[in-house]
Amino acid sequence: MTSARSSAVLAALALTCAWTVDVQAAASRPNLNVYHLAPVLEDGKVRAVSVTIALPADADGETRLRLPAEWGGGERLWRFLQDPAVTGGQLSKSDEKTWVITSRPRAPLTVRYRVVSAYDGPPPPDGPSYGQPIIGPDGFYLIGHTIFATPEGRDTDQARFAWDAAGSSLRLATDLSPLETAPASIERLGPSVLMAYPDLVEARRDVGGAPLTVAMRGQFSFTAEAFADMAARSIGAVRAFWGDGKAPFLITLAGQSAPQGWTSYRGTGLDDAFAVISTQNTKLEDYRLFLTHEYLHTWNAARLGGAIEGPREPAGYWFSEGFTDYYARRLALRSGLVDLETFAAAWNEALEAYATSSAIGANNDQIIARFWSDKALQKLPYQRGAQLAVLMDGRLKAKGGLDRVMLAMRDQAARQRGANRRIPAPEALVPVARNLTGVDLTPEIDRFVTRGERILLPPGAFGGCLTVETLTRPTYWLGLDLTETGKGRMIAGVDPAGPAYAAGLRNGMKYLGRQGGKPGDSTVEIGLAIEENGKPRLVRFLPKGPGEVTVQRIKVPTTLTPDARAACAKAVAG
C-alpha cells in the first residue's frame, strides 16, 4: 500500500520526468523561422522588397543574423539590405556583415528590413545581373543568396516562406512555393529564385513524372509554351543520364532590351531552379545547350560532393563548369536535341576562344585570384575543363569511360550525405576514378589545371566520323583601339606598324561602323566604314599581327548517308 505522501512524491517525480522529456524533445526539434516577402509600393511602382522574419532567439539570448556577402559576381550584398528593425530584442551591428540581437533566451523575435535594387535603372546586358537584386519599377528579379539574412550556427533550423502581393497585380514565380505549406531546411532559402511581374506568363510540362514550370517575362520571338517544350526535352536528356530526378523544377526567364546587334543570355543553376536573364533578341535554339548546361548543375557539382567552399571555389570550376559544358554538348547530341553540325559548331567556338584567349596559360592559382575581375580568366575553366573531360574519357574508355566515373561519384556523394565531412566534387574525381578503374588522372590535372599547360586534343579525340584538325595562322591584331574608336566615333589608337595603318586608316578619321570580321580570327577580312572629305568609304584589311597562334577545330564529313550520320552521332555521344 502506498501512503498519500509517497504518492505525492511519485507524482512529483513523474511530473519532473515528463517536463524533462518535453524540454529535451523541444530542444531536439529544429527552430522554425518564417520568412515573409512583400513588395514596397509607392505611386503604384515597386520601390523595394520587404522581408519580415519571425524566429526564436538563441538559447543564450544573443542571436546573430548573417547578411548576404558575395555571390555570383555580386559583392558587399549587405549594402542592399536597409532599415532593419527588431521587435522582441535590441539590434546592434558587430560588423557590416552581421546583425546582433540581444533578448531574453528563446524570446520570439520579429526582424524587418527592406531590400533595394542594386541598379538605378535596368541592369546592363553584359553585367552579372543575377548576382545582385533587380527591383522596380514594375516588379523584381531576385536570388535568395542575395536577399535573405539567416541566423548563424542554426543550419538545422526549418523555414517557412510566405508571399503577400500587398494589393498589387504582381504574379510571383519562385521555387520556394513548397515552403508555404511545409517547412524545409533554412539552407533551402539561398539557392532560390523569386521573380514577380504583372505580365508574367507560365507554362507547365511533365518530365518523366516530375513537374516543370517555365515562368517568362518579356517580348521574345517565341512563346513560353515553345520554351517549355524545348526545356522539357533538355531536362529529360539529363535525367536519363543520371537515372534520377523526380523533383519539381522551375525555369525563370526575364527579358532585357539591348543595343543594336547585341545578344546576351546568362543564368545560374540553383538546387531546383534555373534563373535566366536574356536579351529579347535571343533565338529559341540558342538556349538548347545553355539550358542543358545549367540543368546539369543540379548534379554537378551539387550531388557529386558539392563545390569547393570559400574564396577558393573557382579552383574547382574546371570540373563544375568545364565538365558540365562537356556533358551538355554530349547529352544534347545523344538525345537528338542538336545534330552533329551544331555539336561541332559549339565545340569549335569554344576551341577558337581558348586558342585566342589572353589567359590561355594562366594557372589555377591565377584563376582563383582574379576570376571575378578578369573576363578571360572567367571563361578559361569552362574551355579548359571541357577539353580535359575529352582527354580523360579517352584514357578511361577501356574501363567504361568518364560516364562510369561520374555515376560512381553520384553514388559516393549520396552515401556521404549528412556526414560531417564531405569530399568536394573536384577533389573526389581522382580517388573515385582510381578506385573504380585503376587509372590515375592526377597527371592531367597537374599539367593542365594546376600548371596551366596548353591542351591540344588528338585527331581522334571524339571518335566516330569526327576529326580534330590543328591549324596555325597569324595572330589577330587590328592595329588600332576599336573600343575607343567606337566610344568616340573617331578612329583612335592606330599603330604605324599595324595592318590598319597599312590599309590607310589614321587617327581622327570619322568612324561610321564595322562590317564583317570575326574577333580572334586573322583570316577573316574586316571592314571599317569611315567618312573622308564628306564621303563614306569602306576600308577592308586582314587583321594579321606578328607571331602565330595554333587553333584546333572539329571537322564533320560533308557527305554522310543517314545511316552513317546516325552511327557517327551514336559513337560520339555514347
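Predicted model: local features only at pLDDT ≥ 70, side-chain atom pairs only at ≥ 80, totals over all residues.
Mentor: Residues are numbered from 1 along each chain as its sequence is written, and side-chain values use heavy atoms, leaving out hydrogens and water.

Trainee: How many helices and strands does the chain have, and what makes a run count as one?

Mentor: The chain has 13 helices and 24 strands. A helix is a DSSP run of H or I with at least four residues, and a strand is a run of E with at least two, numbered from the N terminus.

Trainee: What share of the chain is buried?

Mentor: Of the 574 residues, 48% are buried, that is, under 20% relative accessible area with a 1.4 Å probe and protein chains only.

Trainee: Why are β4 and β13 called edge strands?

Mentor: The open sheet has 6 strands in the order β4-β7-β2-β1-β11-β13, with mixed pairing. β4 (81-87) and β13 (184-185) are called edge strands because each pairs on one side only, where pairing takes at least two DSSP bridges between two strands.

Trainee: How do you know that β1 and β11 pair?

Mentor: Strand β1 (residues 32-42) and strand β11 (residues 158-163) share 6 bridges in the parallel sense. Pairing requires at least two bridges, so the two strands count as paired. Leu32 stands opposite Gln158 in β11.

Note on methods. Buried < 20%, exposed > 50% of the residue type's maximum accessible area, 1.4 Å probe, protein only.
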